[in-house]
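Hi,

Here is the structure I promised to pass on. Have a look at it first, and my notes on what turned up follow below.

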Amino acid sequence: MSQTLSATTLLAIPLAPLAASALVGIFGTKMGGNLLGRSASALLTIGGVLLSFILSAMVFMQVLDGATFNETVYHWMTIGTLKMEVGFMVDSLTAMMMCVVTFVSLMVHIYTMGYMEEDEGYNRFFSYISLFTFSMLMLVMSNNFLQLFFGWEAVGLVSYLLIGFWFNRPTAIFANMKAFLVNRVGDFGFILGIGLILAYTGTFNYTEFFGKVDTLASQTYPGLGWNVATMAAICLFIGAMGKSAQFPLHVWLPDSMEGPTPISALIHAATMVTAGIFMVARMSPLFELSDTALNMILIIGAITAFFMGILGVIQNDIKRVVAYSTLSQLGYMTMALGASAYSVGVFHLMTHAFFKALLFLAAGSVIIGMHHNQDIRWMGNVRKYMPITWITFLIGTLALIGTPFFSGFYSKESIIEALHFSNQPASHIAYLAAMASVFVTSLYSFRVYFLVFHGKERYDQNPDAHHDDHHDDHGHHGDGKPHESKWVVTLPLILLAIPSVIIGFLTVDSMLFGDFFKNVIFVDPRHPAMATYAHEWTNTFHGAVGFATHAVMTLPFWLTVAGFAVAYFLYMMNNNVAASIRKALSPLVVILENKYFLDWINENIIARGARLLGVGLWKGADQGLIDGALVNGSWKVVGGIAAIARRLQSGYLYHYALMMILGVVALMTWFVWYGK
């Protein structure tokens, strides 16, 4: 078998959804005369993504047999020795990401047929999500920083369109602008990091950069004395903080729930928010040079995992609970990266993609069945009416909390083990945050589960059933009984539930302790977390089954049980206790309801300060100094001199003769006085 993948096949993978997006975006909308109907638009985009998934799966199997690809497919321009190209680097990391992105995207496309069937922008929505799939594929398949940046910005742009899909809603417009601006903050750091790499290595190409990366460790930035490798790594990670929603650049993600539910699954499960995690793993040779950067990553991840998880406990919107869960799990992935356990972080990225997409889509199914009510306080006993949604949501919940043998267990517990074995100073803080987050995750997960699927039926008591415009609706509200969703909604739930159960068990050995990431992810021997964990896996746990059975003797397992027990007591046995705790802790609740006042700080201090600075620069620097002093001042000086000079040009001959005589007298006086 050939050890090189087909360039034609690789090109077809991103271009198939791009072509479908373009056709539907033009001919399925008013711009092209609505030549494509709803069914044709849906089938065309689903077909494009299905083809992309099939080809990605074929490439994945070839990669497992040893095939790779790292070549340029299009040469754009050359500036001196700098080459700007479009190319693909396909190895085990890329192939895995391609399969995850295309599979989840395919499930979202199918789900959209049922969820958005009443929406006027049906065709436009399919065009957007296919374009998003193309953008993400270009990002993960890139072999150079230029193409990486293109994909990075493209997913940000399309997410802006998707979050603000219902552009008649002020809340949606605010949310998509917020996401766009916050990501620009992170992207500023990202492009600075790319600029540093280009300045010191002279290349955009990954392979050429990795060959020169060690030279960065011995170089310092002129005038500052800072290590270039550390600066580049931190700048790149700032970009990851924005894209992967890490504190304090996480504030855009909960508000992005204003977009339709399929987008929540696509953006916040397997694609956009995991781009930063993927990028750091890809750049492991650079990050391994800087313990400073790794410790920063550990701290940021720990803050995000714990404090964002706590916010999930007080949320009443079913989608926002899952959104804060995403933030917390992204914090786990980030902590794994900081512990140099890149393979574990990517492993959790993969397992999380399936069960989090499942939870988002199941939440959307609940919203449909509850006539577009999203408030979990007005649900209850939904399992009676929606059995498929109930069981799939339960599977996603069990995977999320880390139930032994479920996919989330293997990846989440592996992160905790890696943090335990890490020798980084900040790993101790991260380990405590991870352990505390285990309890918090179990608490908010089962709070949602019990309030939605068990207990008394409260759907007929919703005071906002007929007039709450905040809900994720695209049709009408109603107060009828819940009902199970159509097959196009439940089928993706079933298909996502399968990997949510088994994918971790099947892949943990090869991805973490085998050769799956050999020559793809680099870990310096100074960072022994994974090596120590591999030794424990072989000699203590004896594989995946032993690891799961051993879990019942560990603290994370009992913290998970404790979260379940507390949630059951508070929300199934005695609801009054939860209300009493909330009242007793009202000052803390106020802080949590205001999301630690970060939005207030951003809007009233940072944004207003920026506007004040902008006005000052406009009035003082632009109008005062540039326009007033330099531009207007210069012509006024010239005009004044000219006005004086005009008075000397009277046109009378005797005036000029007088000036000549005075000039001669002045010259004679000077020669007589200074010529002695």
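For what comes next, two residues are in contact when they have heavy atoms within 4.5 Å of each other. Keep in mind that this is a predicted model.

Helix 1 (residues 7–27) packs against helix 2 (residues 38–64) at an angle of about 170°, and their axes are 9 Å apart. Angles over 145 degrees count as roughly antiparallel, so that is what helix 1 and helix 2 are to each other. On the helix 1 side, the residues that meet helix 2 include Leu10, Ile13, Pro17 and Leu23, and among their counterparts in helix 2 are Leu44, Val49, Leu51 and Val59. By class, this contact has 13 nonpolar, six polar and no charged residues.

Next pair: helix 4 (residues 122–141) and helix 5 (residues 145–163) have axes 8 Å apart and an angle of about 160°. That makes this pair roughly antiparallel too. Helix 4 contributes Phe125, Tyr128, Phe132 and Met136, among others, while helix 5 brings in residues including Phe150, Trp152, Val155 and Leu162. The crossing of helix 4 with helix 5 is left-handed.

On the annotation side, an unreviewed UniProt entry labels residues 76–126 as "NADH-Ubiquinone oxidoreductase (complex I) chain 5 N-terminal". In the model that span is 57% helix and 25% strand, with its end C-alpha atoms 30 Å apart.

Finally, the domain assignment gives domain 1 (68–91 + 142–459 + 483–573) and domain 2 (605–675). Their centres, taken over C-alpha atoms, are separated by 64 Å.

Cheers

Methods:
Residues numbered from 1 in each chain as written. Predicted model: local features only at pLDDT ≥ 70, side-chain atom pairs only at ≥ 80, totals over all residues. Heavy atoms only, no water. Domains from an automatic or database assignment. Axes fitted to C-alpha atoms, helices over the stretch in contact; angles between N-to-C directions. Helix = DSSP H or I, 4+ residues; strand = E, 2+ residues; numbered from the N terminus. Parallel < 35°, antiparallel > 145°, perpendicular 65-115°, else oblique. Left-handed = near helix turned anticlockwise from the far one by under 90°. UniProt positions renumbered as here; feature names shortened; annotations may be inferred. Nonpolar A, V, L, I, M, F, W, Y, C, P; charged D, E, K, R; others polar.
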